[in-house]
Amino acid sequence: MSDVYEKQANELTTTRSIGVAGALSLTILLDTTAQLTWKGAVTQVENASGVGEFLLAFLHQPLFLALIVLFVAMFLNWMLVLSRADLSYVQPITALSYVTSSFASTYLFNDHLPPVRILGICLIILGVWIVGSTHQERPCLSEC
Amino acid sequence: MSVRMLGLACATIAVVFEALGQIALKKAANRSVITATSGWRIPVSIVAQQPLMIGMGLSCYLMTCILWTLALSFLPVSIVHPMGSIDLIVMLVLSRFILHEQITVRRMIGVGIILAGVILVGTN
C-alpha cells in the first residue's frame with residue numbers, strides 16, 4: 001500500500017514541478033513582451049516636450065492599454081508561481097528575461113549584440129540552471 | 001547633494017522597495033489556504049484572503065516604479081541598470097531572514113553567477 005501512496009506523492013511532485021516551470025516560462029514571456037511594449041510606447045511619444053505632455057501622450061497610447069492588461073496577467077501568474085515555490089528559487093530564474101529581451105531587441109530594434117553581452121547571457125543561463133537544480137520548495141525553518 | 005548622489009539614493013531605495021514588495025506578495029501566498037488545485041482560481045483566492053499584504057506589495061511596486069524613473073532621469077542607464085541586479089542579493093538575504101527559506105550553498109553560487117551575467121549584459 002505504501003508504494004501506491006509514494007507513487008501518488010511522486011506524481012503530485014512531478015505535476016507541481018511542471019506547473020512551476022510552465023508558469024515561470026509564462027512569467028519570462030510576459031516580462032519580455034511588457035518590456036518591448038514599454039519601449040515601443042516610449043519611442044512613440046519621444047518628441048513630447050515636458051513631463052506633463054509626455055505623460056499625457058503616454059497615457060493616450062493604445063500600447064499603454066496593452067501594458068495594463070500585461071501587468072494584470074503578470075501579477076496573477078506571479079502569485080500562482082509564489083503559491084508553489086520558494087521566492088529565493090523563482091526570483092533568480094526570472095533573470096532569464098534579460099536573455100530573451102536581449103535577443104528580442106537585437107532582432108526587433110536591430111540593437112548590437114557585443115561579445116561581452118553574449119558572455120553575460122551564457123553566465124545567466126548557467127546560473128539559472130544551477131538555481132533550477134535546487135529544491136523548489138523546502139519546509140520553512142520556522143514561521144514563513 | 002549632487003545629482004549623482006541623488007540618483008544613486010533613488011536607485012538604492014527603489015531596490016529595497018522592490019524586495020519588500022516581493023516579500024509581501026510571498027507572505028500573502030504563504031499565509032493563504034489554497035484549496036483550488038490549478039488555474040486562475042489560485043491567485044484570485046490569495047488576493048481575497050490576504051488583501052492587506054497584497055496591497056502592501058503592490059504599493060511597494062508603485063514606489064519602485066516612481067523611484068526608478070527618477071533614478072533614470074538623474075543617471076545614465078548603464079549605471080542604473082546594473083544597480084537593479086543588487087536586488088538579487090537583497091532578495092536572497094530577506095528570503096532567509098524574513099521568510100525563513102533555506103538558502104543552500106548551491107543556490108547562492110547560482111545567484112552569484114546570474115548576478116555577474118546580469119551586470120555584463122546591463123553594462124554592455
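Student: Leaving aside its neighbours within four places in sequence, what is B:Asp87 in contact with?

Tutor: Contact means heavy atoms within 4.5 Å. By that rule B:Asp87 touches A:Gln91, B:Val15, B:Glu18 and B:Ala19. Keep in mind that this is a predicted model, where local features need pLDDT of at least 70 and side-chain atom pairs count only at pLDDT 80 or more, while totals for chains, interfaces and linings use all residues. Residues are numbered from 1 along each chain as its sequence is written, chains are lettered from A in the order in which they are written, and side-chain values use heavy atoms, with hydrogens and water left out.

Student: Is B:Asp87 buried or exposed?

Tutor: Buried means under 20% relative accessible area (1.4 Å probe, protein chains only). B:Asp87 is buried. A salt bridge needs a side-chain nitrogen of Lys or Arg within 4 Å of a carboxyl oxygen of Asp or Glu. B:Asp87 has none, and the nearest side chain of opposite charge, B:Arg107, is 15 Å away.

Student: With which residue does B:Arg107 form a salt bridge?

Tutor: Its partner is A:Asp86, with the closest N and O atoms 3.5 Å apart. The rule finds one salt bridge across the interface of chain B and chain A.

Student: How many residues of each chain are in contact there?

Tutor: Chain B brings 45 residues and chain A brings 43. Buried area is the accessible area (1.4 Å probe) that two parts lose on being put together, summed over both. Between these chains it is about 3,800 Å², with carbon and sulfur atoms giving 68%. B:Gln102, B:Arg107 and B:Val121 supply 17% of the area that chain B buries against chain A, more than any other three residues.

Note on methods: Buried < 20%, exposed > 50% of the residue type's maximum accessible area, 1.4 Å probe, protein only. Lys, Arg positive; Asp, Glu negative; His and termini not counted.
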